[in-house]
Amino acid sequence: MDSMRDNVVVITGASKGIGAELARQLAPQGARLALSGRDTVALESVSAACRHLGAVVEVIPADVAVEQDCQHLIEQTVARFGRLDTLVNNAGVTMWARFEDIQDLAMVARIMQVNFMGAVYCTGHALPHLKASRGRIVGIASHTGLTGVPTRSGYAASKHAMRGFFDSLRIELAGTGVTVTMVYPGFVATGIGENATGSDGKPVQVHPVDPTNVMSVEVCARQIIAATKRRSRELVMTTRGKLVLLAKPFVPGLVDRLASRVIERGH
């Protein structure tokens, strides 16, 4: 159970951040990797690093917001490797804007399409293969999937949706051998913040999170891989995240104030 050798792993959003680091850490463990994302140049760079570490890698560019791309990703993976053992739903986009300041609500729809529907599309097409291999599904969410967060309304909504979907799917899959692991990181040095969308629909340019108070992507990926190997139900990273989960049913106002303060301070 604790080995990923010859495990066929699909990773979405693998061109940078958590996805790229997961690939780099799984490569020397003998995993067979199908790496996907929209940035083909960055994907090829990650792929080259993984091959150098001994992995067999297939690069399959895809926009997870498009169902046909997700279907192609899964079909190409199975065609290349003959099966699918682990699906890591990692691709995501974020935002930094108060809801009332958003100039075009299509931004929220795009976030939901990528973060939530992308995971739904990939999982839907992968599920028959995962049932055949008694495989693993991993959903990379966020602390914002546990509680509301100001300036992240659309992002939080997408991660809450992921949580509800995968928690429900886990129940449906009981007895099939397929397990679902949900991951809730806090602030991680992934690069996603640099591509966050502001109220005008354009990248915010300036990262509003204090870079000295974030988890390294190396530590984050290492914890995710350990939880994936164990087939853990969920992984809530950081003491703060665990306290939020425990405290919210009893002191929700305090949790709201904490969330607001964290965003104001950027850590």
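Reader: What makes Thr123 count as buried or exposed?

Author: This is a predicted model, in which local features need pLDDT of at least 70 and side-chain atom pairs count only at pLDDT 80 or more, while totals for chains, interfaces and linings use all residues. Residues are numbered from 1 along each chain as its sequence is written, and side-chain values use heavy atoms, with hydrogens and water left out. Buried means under 20% relative accessible area, exposed over 50% and partly exposed in between, with a 1.4 Å probe and protein chains only. Thr123 has a relative accessible area of 1%, so the residue is called buried.

Reader: Where does Thr123 lie, and which residues is Thr123 in contact with?

Author: Thr123 lies in helix 4, where a helix is a DSSP run of H or I with at least four residues, a strand is a run of E with at least two, and both are numbered from the N terminus. Contact means heavy atoms within 4.5 Å; leaving aside neighbours within four places in sequence, Thr123 is in contact with Leu87, Asn89, Ile137, Phe165, Phe166 and Leu169.

Reader: How do you know what span is expected of helix 6?

Author: The expected span is 1.5 Å times one less than the number of residues. Helix 6, residues 217-230, has 14 residues and reaches 20 Å from its first C-alpha to its last, close to the 20 Å expected. Just after helix 6, Arg231 takes a positive phi of about 60 degrees.

Reader: Which elements do the buried residues of helix 6 pack against?

Author: Those residues, among them Ile224, Ile225 and Thr228, pack against helix 1 and strands 4, 5, 6 and 7.

Reader: Which element gives the most to the lining of the largest cavity?

Author: Helix 6 does, with three residues; the lining includes Ile224, Ile225 and Thr228.

Reader: What is the volume of the second largest cavity, and which element gives the most to its lining?

Author: The volume is about 50 Å³, and helix 4 gives the most to the lining, with five residues.

Conventions. 1 Å grid on protein atoms, 1.4 Å probe; cavity = no way out; pocket = protein on both sides within 12 Å on 5 of 7 lines; lining within 4 Å. Points joined across faces, edges and corners; volume = space filled by probe spheres on them.
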